[in-house]
Amino acid sequence: MNAVEIEEAISELAAAPFDAEDFPRSFLEAFNNKPTTVKRLLSAASKNSNVEGGVLQYKNIHLAVAPPGKVREKLEELRASPKTVSGKARFILATDGQTLEAEDLVEDDIRVCDYKDFANHFGFFLPLAGITTVKAIKNNPIDIQATGRLNRLYLELLKDNPDWSSDERRHDLNQFMARLIFCFFAEDTGIFKRSNLFTNALETYSDRENAHEIIGRLFRVMDLPTKDPRRKDLRPWEDDFPYVNGGLFAGTNEVPRFSRIARSYLLHAGNLDWKAINPDIFGSMIQAVADDEERGELGMHYTSVPNILKVLNPLFLDDLREQLEAAADNPRKLLNLRKRLARIRVFDPACGSGNFLVIAYKEMRAIEAEILNRRNSDSDDPSSVIPLKNFFGIEIKDFACEVARLSLLIAEYQCDVNIMGQERAGEIILPLKETGRVFCGNALRLDWLEVCPPPEQASAVEEDLAGPTGRLTLEFGEGRGWETYICGNPPYLGSTWQSKDQKGDIKTIIGGRTNSPGFLDYVSGWFVSAADYMTKVRCIAAFVTTNSICQGQSVSLLWPVIFSTGCEIRFAHTSFKWANLASNNAGVTVAIVGIAQCSGLPKFIFEDDGSGRTTQRKGATISPYLTLGAETVVTKARKPISNVAEMEFGNKPSDGGHLLLERSEIPSLSLDEREKAKFIRRIFGSGDFISFGSRHCVWIEDEDLDEARSIPSLRERIEAVRTVRLASRDKGANALAARAHQLKLMRIGKRHSVVVPGVSSERREFLPVGLVDNKTTLTNLAFGLYDAPLWNMALIASRLHLVWVATVCGQLETRYRYSNTLGWNTFPVPMLTEKNKADLTRCAEDILLAREHYFPATIADMYDPDCMDEEFPVVREAHERNDEVLERIYIGRRFKNDTERLEKLFDLYTKMTASKEVA
């Protein structure tokens with residue numbers, strides 16, 4: 001269940017007659033507990049709880065129904081219960097059906113309310129469903145409630161008006177929903193002169209048969225200017241509705257028909273208190289109402305304001321606040337800052353429902369409010385100098401565009417109310433002025449210079465179809481002093497998941513400026529478009545992106561293109577979780593990258609330190625790998641740049657499966673022990689090695705071919721391989737038919753081989769490198785250092801090497817993807833003394849001995865981060881000693897964190913490759 005569904009279940013429970021016996025079951029099921037789970041909890045209630053009527057859910061809640069008038073006493077009993085402590089209950093709750101009291105024992109927060117109103121506090125209890133609440137939802141449930149009611153209305157209208165679900169009519173239905181939202185908001189906030197004007201009119205003058213006609217009439221009224229002669233013919237209750245303008249009610253006024261149920265949903269939505277709507281939250285959830293693909297995730301679209309501010313603060317808001325702080329109470333400096341606010345343009349070319357634009361606007365208005373407060377001058381017009389027409393967006397979904405424009409209008413009005421009061425704000429909002437300039441279309445196909453033209457081409461005159469609005473008009477110079485900031489959270493989409501059209505978008509944007517643009521993530525198109533835009537318009541851009549564009553081959557494909565436009569990375573925020581309201585606070589790992597034309601200004605990297613704080617570091621340049629340092633791009637090398645052993649692929653079979661064997665197949669070959677030892681080898685790929693699989697292969701050296709062919713079972717397999725290779729369309733495979741007794745490659749160590757799996761889970765803290773004997777070989781899914789000194793294994797097993805590989809090799813889906821040419825051959829290692837090599841050899845031996853200590857546990861078992869410390873501490877200790885020895889070789893001490901590791905490695909790489917070309 002998502003947050004909207006939970007709110008609906010709680011609302012139904014609160015509205016139904018109270019059933020003391022059934023309440024615990026209904027309450028627990030409302031928070032996504034399966035009926036079988038609840039049944040088990042109830043049957044064990046007397047054992048798990050020592051409170052009469054109590055039900056305890058471990059780590060969640062201890063609740064009980066109280067006798068009438070004894071709620072407070074029952075809550076105290078739950079709080080004092082040792083079962084509450086031993087059961088690690090986060091919540092306690094007591095109710096008698098008249099009053100409900102609950103307490104969050106973790107956050108020391110209490111709720112007391114009438115039972116019938118407890119649905120308004122559903123956000124308080126969302127952790128019971130595994131949803132990490134956010135303050136805006138916890139204390140203000142209107143966004144979730146409104147979304148749920150509008151969703152039910154939307155689905156009912158589609159059911160009653162199936163023709164409106166067509167592509168041709170969907171825009172009309174979405175526009176109708178946007179108009180409804182405005183009316184509900186307007187009647188609760190003073191925009192309409194009487195409270196509940198719209199909802200009361202529907203309740204009084206409509207029924208299921210004529211609801212569409214009444215709504216259509218009201219929409220037409222709100223498109224009639226105040227002095228339009230047609231208003232003389234309006235009925236008195238219609239004439240109460242003002243002229244709204246702003247394009248919101250222009251065009252068709254056709255309204256879908258309403259069933260009795262749909263009309264009921266409409267009135268339920270209208271009876272909510274819409275004045276507390278958060279446009280930065282509400283917009284993205286309402287967008288999901290009209291989106292078939294997203295409707296299943298209703299309530300999960302909360303975009304964390306702190307996360308959005310990680311983009312907007314370093315982009316321009318921090319600078320504004322610093323200027324505000326420097327201005328102190330100086331009237332002239334404060335006025336200049338206010339003029340600066342009027343010349344700031346914000347452009348989100350992937351704006352969705354407008355979250356970034358809305359938050360940018362609200363933060364700018366907060367700064368303006370502080371300016372007015374400090375100046376405290378009667379000569380200052382409190383009307384904002386920050387016009388919505390300075391906010392630009394591109395969004396591919398038309399309803400999201402409607403919602404973005406509407407969200408900006410709601411944000412503007414709410415800010416006006418805070419500054420001027422509701423009466424004055426109500427006087428100036430209607431008729432609606434020009435709102436944000438949000439365009440519907442594909443951002444990678446539209447010309448950004450047409451959407452957000454250079455400032456000297458922008459109009460300096462406020463446009464309004466209804467005449468003067470009384471809002472402050474500023475005189476702008478032509479293009480001088482304007483600032484443009486591009487921001488947003490574009491779609492990521494790795495190359496594997498892109499449609500043909502999306503791959504075409506990337507090729508169109510990048511053209512012939514890079515090889516293999518088809519391997520780039522979709523978000524790359526926004527970075528290149530922004531860089532190109534900057535060659536014409538002075539601006540800074542910052543996008544949320546998957547960190548994959550700063551890892552692996554994407555770096556060499558993308559960043560030289562961006563740098564070639566004269567851009568640099570101005571600031572970056574390293575990887576963090578971009579969360580939503582889904583259960584368990586699921587989210588994708590992202591980074592933030594800000595780019596601008598090259599300058600001598602300092603560059604900043606921001607990092608979350610793991611404790612909720614963000615640290616900031618300054619440098620002269622930022623690399624495309626998001627480290628402080630040179631703009632170096634690591635490229636593949638045929639040979640190691642350091643004095644280490646060569647690493648090669650394992651053996652590609654190209655055998656049609658006839659030379660590979662499961663252990664169970666070996667007896668069918670009818671080989672004696674001598675023949676098995678001679679012709680059968682164990683063979684490892686990535687998964688086999690990590691989980692200690694049991695695959696084998698036929699291994700025939702050329703000098704042993706005659707003997708092998710004398711054995712019927714081997715001869716049969718050799719001929720099967722020959723047939724497969726000859727039938728292939730690949731000429732290389734045809735040529736291999738001449739040596740059908742062998743794998744395509746025949747690599748094996750004479751003494752031993754160091755094994756490196758080609759793919760490894762990103763959850764592991766160390767790469768699962770290991771050692772096999774000379775009777776074991778590898779498939780092409782693993783890499784081998786054949787007969788290499790053991791100290792090479794110590795390098796690969798280190799944290800240093802893992803962070804290098806994770807960064808320069810990138811990931812396959814979410815797993816680490818190893819590369820010998822990009823990960824190992826480029827790995828910078830200082831010159832090692834014989835003592836260094838001896839120390840590292842001992843470290844590698846200790847790691848191998850630690851694993852032996854836990855035999856038969858597999859590498860998958862021992863390197864599981866959930867088990868490593870408690871179940872396999874000797875392995876952890878061996879790796880810590882290895883890291884200690886190796887890192888002291890690099891800098892004489894342990895590194896503080898992975899960022900410091902990377903910066904040292906990139907610095908060393910730059911120096912090592914400066915005097916020679918990497919092959």
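This note walks through a sheet, some ring contacts and a pocket in the structure above.

1. **Ground rules.** This is a predicted model, where local features need pLDDT of at least 70, side-chain atom pairs count only at pLDDT 80 or more, and totals for chains, interfaces and linings use all residues. Residues are numbered from 1 along each chain as its sequence is written, and side-chain values use heavy atoms, with hydrogens and water left out.

2. **The sheet.** Start with four strands in an open sheet, ordered β16-β18-β17-β22, with mixed pairing. Strands are DSSP runs of E, at least two residues long; helices are runs of H or I, at least four; both are numbered from the N terminus. Two strands pair if DSSP finds at least two bridges between them. The edge strands, β16 (660–662) and β22 (776–778), each pair on one side only.

3. **Inside the sheet.** Strands β17 (residues 680–684) and β18 (residues 695–698) run antiparallel, joined by three bridges. Look at Ile-680: its bridge partner in β18 is Val-698.

4. **Aromatic pairs.** The whole structure holds 42 aromatic pairs. Rings of Phe, Tyr and Trp (its six-membered ring) pair if their centres lie within 6.5 Å; planes under 30 degrees apart count as stacked, over 60 as edge-to-face, and the rest as tilted. Phe-27 and Phe-125 are edge-to-face, at 5.6 Å centre to centre with 90 degrees between the planes. Phe-27 lies in helix α2 (residues 23–30) and Phe-125 in the loop between β5 (109–114) and α7 (135–139), so the pair ties together parts 98 residues apart in sequence. Both Phe-27 and Phe-125 are buried (under 20% relative accessible area, 1.4 Å probe, protein chains only).

5. **A ring cluster.** Ring pairs also link a cluster whose members include Phe-176, Phe-198, Phe-241 and Trp-274.

6. **Charges over rings.** The charged end of Arg-169 sits over the ring of Trp-164, 4.1 Å from its centre. Arg-682 lies over the face of Phe-692, 4.5 Å from the ring centre. The test asks for NZ of Lys or CZ of Arg within 6 Å of the ring centre and within 35 degrees of the ring normal.

7. **A pocket.** A pocket is an open set of points on a 1 Å grid where a 1.4 Å probe fits, with protein on both sides within 12 Å along at least five of seven lines; lining residues have an atom within 4 Å of a point. The second largest pocket holds about 700 Å³ of space. Of its 23 lining residues, the closest to the centre are Pro-314, Leu-315, Ile-540, Arg-570 and Leu-601. Helix α15 gives the most to this lining, with seven residues.

Notes
Buried means under 20% relative accessible area, exposed over 50%, partly exposed in between (1.4 Å probe, protein chains only). Grid points are joined across faces, edges and corners, and a volume is the space filled by probe spheres set on the points.
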